[in-house]
Each structure stands twice: as C-alpha cells, then as structure tokens.
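Let's take a walk through this one together. Have the sequence and the 3D view open side by side as you read.

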Amino acid sequence: VDSASGTTAEAPDEGRGAAHVDTRTRDLAARVRAGDRRALARALSIVERADASSQALISLLFPHTGRAHLIGVTGVGGVGKSSLIARLVVEWRRRGKRVGIVAVDPTSAATGGALLGDRVRMEELFADPGVFVRSMATRGAGGGLARATIDATRVFDAAGYDVVVVETIGVGQDQLDVGQVAETIVVVEAPNLGDDVQALKAGLREIADLYAVNKADAGSADRTVATLRAMLALEGERDWNPPIVKTSAATGEGITELADAAETHLAWLGRERRAARRRERARAELRRLLEERLLRDLLARVGDPDLTTAATAVLAGTDPYRCVSDLLRRYHG
Ligand SMILES: Nc1nc2c(ncn2[C@@H]2O[C@H](COP(=O)(O)OP(=O)(O)OP(=O)(O)O)[C@@H](O)[C@H]2O)c(=O)[nH]1
Ligand SMILES: [Mg+2]
C-alpha cells in the first residue's frame, strides 16, 4: 500500500473518479491547493512515479487546473535554456507572477549552481516562496515521462502558480514532445559557427511560437537572427509569425522582451485557440493513456501458459502472426 495515497499499485482505483479517494490523498490535495510547499513536493513525487497512486491525486486536482500559462522552453543541449529560465523567473516575479518549473532534463536543475556563476542562482530561486523548481528524471522515458510531466504541470496549476515552465530538449524518440505540455513554446537557439540553425535541424520549427537567440553577448547572434528570419520568411505570412528575440542570460538583454512576447502570444491565443490547443493535447493524451491501459489489460489476461502454448505452436510450424491473431481473438474479442 502506497503510504501517500493509500491505494495499491496492483489494484488501481481507475475509472471511478475522485469519489472513492481516501482522506489522506484528499488532505494532500487540499494542502497543495493551499500553497503548502511540502505538500507540493510530495505531490510532485507522486506524479513523477506516474503510477496508479498519482491518478487519485490528479482526479482531485484536475478540476482546479486551467488557469496557468504553460510555457515550454526547448532547444538543443547547452543553448542556455536553464539560464534563460532563471532570468525569466526574476522578470515574472517582478510582474507578480508565481512560477513553477519542471525541468525534464535531469541535468538542468541539478546544475543550478553553475548557472552563470553567481549572477542568478537556482538556490536563490528555491528560497523564493513564489518559485518552485522540480526536475523530472528521464528514466521513465516515453509514456511515463510524458504522463509525469503533464501531471506535474497540473499540480503546479492547481496550486495556483501563474506560469508553469517546462524545460526540455524537445522532440525526439525517447524525449518528451513539448507540444504535449505547453501552450506557448519558446525555442532557444545559440549562435554557432557556420550558418546552420540547430533548432531547425532538430525539427523544432513546427512547434516554435517564439524564438530566443541567446548568448547575444558572445557575438554573431545577429547573423543567427538573420538566418532564422530568412528561413521563416520562406514560409510566408502565417496567423502567428513567431517573433525572434535576441537574448543574453549573461547580461539580461532581451529578457523583458521575451517575457512580453510570451504574454503577447498568450493574448493572441485567446480563449478559442487556447481551447483548440487544449483539445489537441487532450486527444493525444487520451490516445496514449488508452494505449497504455489496453496494452496492460490485455497482457494481464494473456498469461504465461498462453505464450508457452503459442510458442510451441510456432515451433510446430504455425507462423507467429497467426498465433497472435488467435490469441487476440480469444482475449480481445
Ligand atoms: N555567454 C553566455 N553564456 C551563457 C548564456 N546563457 C547560458 N550560458 C552558458 O551556457 C552554458 C549552458 O547553459 P544552460 O543554461 O545550462 O543551457 P541549457 O540549454 O539549459 O543546457 P542543457 O539543459 O544541458 O540542455 C552554461 O555554461 C551557461 O553559463 C548567455 O546568454 N551568454
Ligand atoms: Mg538546462
């Protein structure tokens, strides 16, 4: 029995909504909503496990979500995502917003001390009651990671955080697809030798709502901005033309503009586009959850003896596709 929620992983209380949730989980959810940081940390640990015990918690918190601005910050390794977020946090705090951060790359929050030396230190941010940083282990890559990250943003949202930032490398096989968790996606690029824009090569163009060309203090950012602009121009006018903001997490250049651009994007989204994006995310999540659930339920029914029998049939000459079809017919209708 899980100590936090009182439900067992083996017999999840799935599909019954929040009606049957035990008092300890109710108490935890209430404390999360009341802004209790220890409860928040605990709730995040529960959702990080992405197991059955997180479901009860989320069903209690879900009705209180939908207020936060969900911002994804993505870009290839080392472009300055964490450093930029640290700067943005200061700006958002100045604007009176509470900020929750989910760093999907486990090295991110952990290297907080290395962020631009002493300038903006994660520890200082940790000490601010209006900021909470949480890094997500990538061990549960794939569905588990997506689920844990989505639910972590829900926990922050229900806890009343105004801005919830998800830092991630972005798209890729065992990476979290940031579009699944964010409504405003900031793609961070850093100037590099040559004319290529790494974010574009990494397939981040389709998802970018804003571009930050970071490390402007280190030179040649103008060329990167020009290259990016030229590439975007080839695509012609769109409903929303992603602004390109030149930033430096080292000097603070462009941070106000970047925060403004994120707000402008949210305003542009408005109620309707926001709902449309939410619906798309819900569809993707539902599909993934269905896949997970169906697979688990089915595999729970097809027992080892069935597999042994089928394997014997394969050895006897029945092809494996046929055996699988037979098994599915038997157990799956
Ligand atoms: N000169 C300069 N260095 C920067 C800037 N932003 C970040 N850096 C440095 O670049 C390195 C990587 O910064 P991070 O913020 O950790 O980059 P990241 O994108 O979060 O990296 P990963 O999470 O590992 O993908 C660090 O040494 C930073 O100090 C900047 O604007 N100017
Ligand atoms: Mg980082």
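What follows looks at one strand and then at one residue in a helix. Keep in mind that this is a predicted model.

Start with strand 2, which covers residues 99-103. Five of its five residues are buried, so the strand is largely enclosed by the rest of the structure. To see how that works, think about the two faces. In a regular strand the side chains alternate between the two faces of the sheet. Here, Val99, Ile101 and Ala103 sit on one side, Gly100 and Val102 sit on the other, and all of them are buried. In other words, both faces of strand 2 are covered.

Now look at what strand 2 pairs with. One partner is strand 3, residues 131-135, which runs parallel to strand 2 and is joined to it by five bridges.

Next, hop over to helix 9, residues 221-234, and find methionine 231. Leaving aside neighbours within four places in sequence, methionine 231 is in contact with Leu200 and Arg205. Arginine 205 is 26 residues away from methionine 231 in sequence, and their C-alpha atoms are 9.8 Å apart in space.

Terms used
Residues numbered from 1 in each chain as written. Chains lettered and ligands numbered in written order. Predicted model: local features only at pLDDT ≥ 70, side-chain atom pairs only at ≥ 80, totals over all residues. Heavy atoms only, no water. Buried < 20%, exposed > 50% of the residue type's maximum accessible area, 1.4 Å probe, protein only. Helix = DSSP H or I, 4+ residues; strand = E, 2+ residues; numbered from the N terminus. Pairing = 2+ DSSP bridges. Contact = heavy atoms within 4.5 Å.
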